[in-house]
Each structure stands twice: as C-alpha cells, then as structure tokens.
Amino acid sequence: MKRLITRGLMFGNLYHVDSPALVERYNRALEHLTGKRTALADFHVDLSGYSPEVGDELEDHLYLNHGGVNRQFILLSTEQKRCPLLGAKFSTSRDILRNFIADNEAQLFALTATDAVAGELVNSVIDISDPRRLFDIRRVVIEADTTTGTLRHAERLARLVERFKAEPDAWFDDVLIAEMVGLAQKSGDLTRNPVQLKNQEYEQRDFWTAHFGGLYLFQSVDKPTVVAADAAGALDGLPVERLLSLTARNRIARFLDENWLVEPILRARGVDAAAILRQKMDFIVIDAAAGAGLDLENLDRADLRRLARTNADVLPGAYHGLAHLLSWAASDGAWPRITSEDPAFFYTLRAADTPLRDLVNMLLAELTPLDVRQLFICHKELFYRSYATWPEAKRAYVADFLAREYQVDKAGARAALFGHEPDMSGEDPPPPPDDLIRRVGPWGAVRRS
C-alpha cells in the first residue's frame, strides 16, 4: 500500500494536526468520547477525526467506530469537510457528515476556533448482530457539542432567558440571575452570537454496509431489495421482497431495469462513450497481462492493442463483448447482442440520474471489478482489498494510471464517467445516435415502454 500512499491515492487529503493547541483539543475530545489520549505530537485525521497514526498507537483502528454502528467524530476545523472518510461501514456516513458541516459551517467555524466539537451519528440501533436490525436504521441524528459543553450551556441559558422574560418577579430572583451569568461566561452572548446547530437529522434508507460481507439495501424502491455478496444462511428472513446474490446477474439486471436505475453508456449525452469503452477494455487487458507475468511498464495505447492481439485467447469474455459494442459505436459494426448473461453486460452501464446514483454506481463497481478506475472512485474499500491481491505489475500500473490520469482532474473524470451535468453552452445536446439504443441498448431485447 506504500505506493498508493506516496501517490496520494490512500490516506490522501487528510487534515494535519500539527500544533500543541490542536493536539490538546483533540485529546480532550478523544478522552471525552473514549477515555483515551494520544501521545503523538502531530498526526492526520479524516472527515470524522479518525487518525491512522492514532489507530496504530492505540492498536485499535475502530476507536471512533466500535461495532461499526453510531460512528463518533471529532471536528477540529470545518476544513475536514474536504477530507475522505476512512474505514466507512455505511456508504451514507460521509455524505451525512459533510452535509452536517455544510449546514452548520458558520457555527462550527466559531466553535472550533477555541475547542473541538465531539459527537456521534446516532440511530436507533446499537447492535447489528442480527441483519434485520439494519432495517431499523431509517434516520441518523447527529449529537454534537464542544468538550466544554458550549452548546449544552447555550441551550440551558436560552431556556433561562425565556423564563426570565416570562416571570414578572425574575428581576428579584438572584439565583436565576447568577446561573444565567455563569452560563453566559461559558457560552457567550446569545443575543449577539446565538449558538445553535441546525439540520441534525438525516435520512438513511438506501445504503451499502460493510456488515455481513457487504450488503446493498434499496428500501425506497417499489419492491424493497437487498443485494448481498452472499445471500444465504444468516440473511434468511430479511423484511424485503427480494434478496439477491451478486452472482444472480439476471435478477440484478431486471431489478435495475425495472426501477430505471441504470442507463447504457452509449445513451449518455455529452459522453465520449467510445473512449470510455476503450479504457475499460485496456483495464481488462492489463489484468490478463499481469496475470501472465508480462511487463507492463511504459505502455501506450498501441502497446495495449498489441497485447490484446497476442493474448486474445486468454482475454475474458467481458473484453470481447465490449469490443463488439465498440465496433458498433465507432465504426458501424454489427449490432451486438449483449444480455445480462454476457460478462460485458454491467461494464456497458452507468447509474441513471436518480437519488440512488451513487449507490448504484457503487454496486456496478462491485459487479465490474476489472474496471479499476470505477472501482477506485465508487468503492474504495473494495478497491483497497482487491489491490492487495493483485500481481505487483498490475499494482504498479494501476497506481501510476490513477495518479497520472485521475488525480490531476478528479471532478472532470467523475463528470465524464458518471455525471449528468447540463450543457453549459446553452445548446441542446445531440440526440442518441439511434433510437435502437433506447429500445434495445445492451439489454438484448426490445424494452416495452
């Protein structure tokens, strides 16, 4: 993993805690949440305040996420909103934390100027040894305060102020006035600088979780569905209409189609679909060549075509299916019949523009593991696990590619691959090349409108 770290592809863009004041604030929050402290003089933290260095020191990388439920967090700066969330057990946790910071940025900026904000993503579940408990997670409430209880004191002071205003004899209540003065010294002047966090409750109905080998829960669709790495045994009895295994390609394709959750890459407007298909094919060639022990250094597109020609007999079916589709898209070749049984099928899709787009792209990444760029962008946990098992030549190539081609323009790459952005020129985008794509696409059979 050192190669990924040095290229900023792992543990990249973390917030550096490098001053005695910040370290002390972090320790106060850490002790408040866990009863532990760190002796490190500087370290890096992610969006939630988790630090890989502190995890190493404590020999506990779940020190802010015990049990993988109700993740705790430590905010030292609103700049943490730009950081990744490491070791996520739920796909929604990052967005919830980022939205919380964005919704309360001014207040959190003021609070973190003098103290750390510590808190927890709280739901109604504290133990998920039974997978059915996952369906009790509908909303996540964020509980947060500074280590000195600024928000708690402010809330108490606000109630006392209302009482003071309402009671006719409050001016003569020395005890009430003394308590208000004491709280004001801790929370500040509420009339000039009101301290109150808003939007602390967020919905979590559709999500991926790392628990039980990895599950995708789709609860907002007409027929609630779970897609699981292993849909047997412990998952029996889940309160959903459909429980699908990742190996059930036909059923997953039907589920995605019925709910209009995906679209063919060739149908996506403003996208160079041929270029995307070629890149996916290149990744498949790299995997096959690395498995054969071939040298992958300094390869260009011509080298990859040569490798594909000379190793055609060992290339998987996904490559050949994409090649047929590329031939049709780029040079008017024969229309390929690519059904959900074809290994290339899910490589030809991307998520449609729905609220479930990120979750669907994550699922597609797991269904198309040879597309290493999509795997890295959409499912980092699986990418890192897979990376550790690859031949050295493939690890070197992928790390170099991602650093060279993706890191330099992350937003542009994401928009080109997955975005549904309007045309900034104001002109209508060109129609799909043929209505056949809408009616048939890579589905292999005419769809009924």
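Reader: Which side chain does Lys81 meet in a salt bridge?

Author: Keep in mind that we're looking at a predicted model. In it, Lys81 pairs with Glu105, with 2.8 Å from N to O. Lys81 sits in the loop between strand 3 (72–75) and helix 4 (93–103), while Glu105 belongs to helix 5 (residues 105–111), so the bridge ties together parts that are 24 residues apart in sequence.

Reader: How many salt bridges does the count come to?

Author: The count is 19. Another one of them joins Glu258 and Arg242, at 3.0 Å from N to O. Glu258 is in helix 8 (residues 249–258) and Arg242 is in strand 10 (residues 242–245), so this pair links parts that are 16 residues apart in sequence. As for accessibility, Arg242 is buried at 15%, and Glu258 is partly exposed at 43%.

Reader: What about Asp130, which residue does it form a salt bridge with?

Author: That would be Arg132, and the closest N and O atoms are 2.8 Å apart. Asp130 is partly exposed, with a relative accessible area of 25%. Arg132 also counts as partly exposed, at 44%.

Reader: Which residues are linked in a network of salt bridges?

Author: Look at Arg3, Glu392 and Arg395: salt bridges link them into a network.

Reader: Now helices. How do I read which way residues point?

Author: The general idea is that an α-helix has 3.6 residues a turn, so residues three or four places apart point the same way. With that in mind, take helix 14 (residues 380–387), whose buried residues are Leu382, Phe383, Tyr384, Ser386 and Tyr387.

Reader: And what do the buried residues of helix 14 pack against?

Author: Four helices are listed as their packing partners: helix 1 (2–6), helix 12 (357–367), helix 13 (372–378) and helix 15 (392–406).

Reader: Let's finish with a single residue. Where does Gln279 lie, and why does Gln279 count as buried?

Author: You'll find Gln279 in helix 9 (residues 273–291). Its relative accessibility is 13%, so Gln279 counts as buried.

Reader: Which residues is Gln279 in contact with, leaving aside its neighbours within four places in sequence?

Author: With those neighbours set aside, Gln279 is in contact with Arg301, Arg373 and Phe401.

How values were computed: Residues are numbered from 1 along each chain as its sequence is written. This is a predicted model: local features need pLDDT of at least 70, side-chain atom pairs count only at pLDDT 80 or more; totals for chains, interfaces and linings use all residues. Side-chain values use heavy atoms; hydrogens and water are left out. Buried means under 20% relative accessible area, exposed over 50%, partly exposed in between (1.4 Å probe, protein chains only). Helices (H or I, at least four residues) and strands (E, at least two) are DSSP runs, numbered from the N terminus. Contact means heavy atoms within 4.5 Å. A salt bridge is a side-chain nitrogen of Lys or Arg within 4 Å of a carboxyl oxygen of Asp or Glu.
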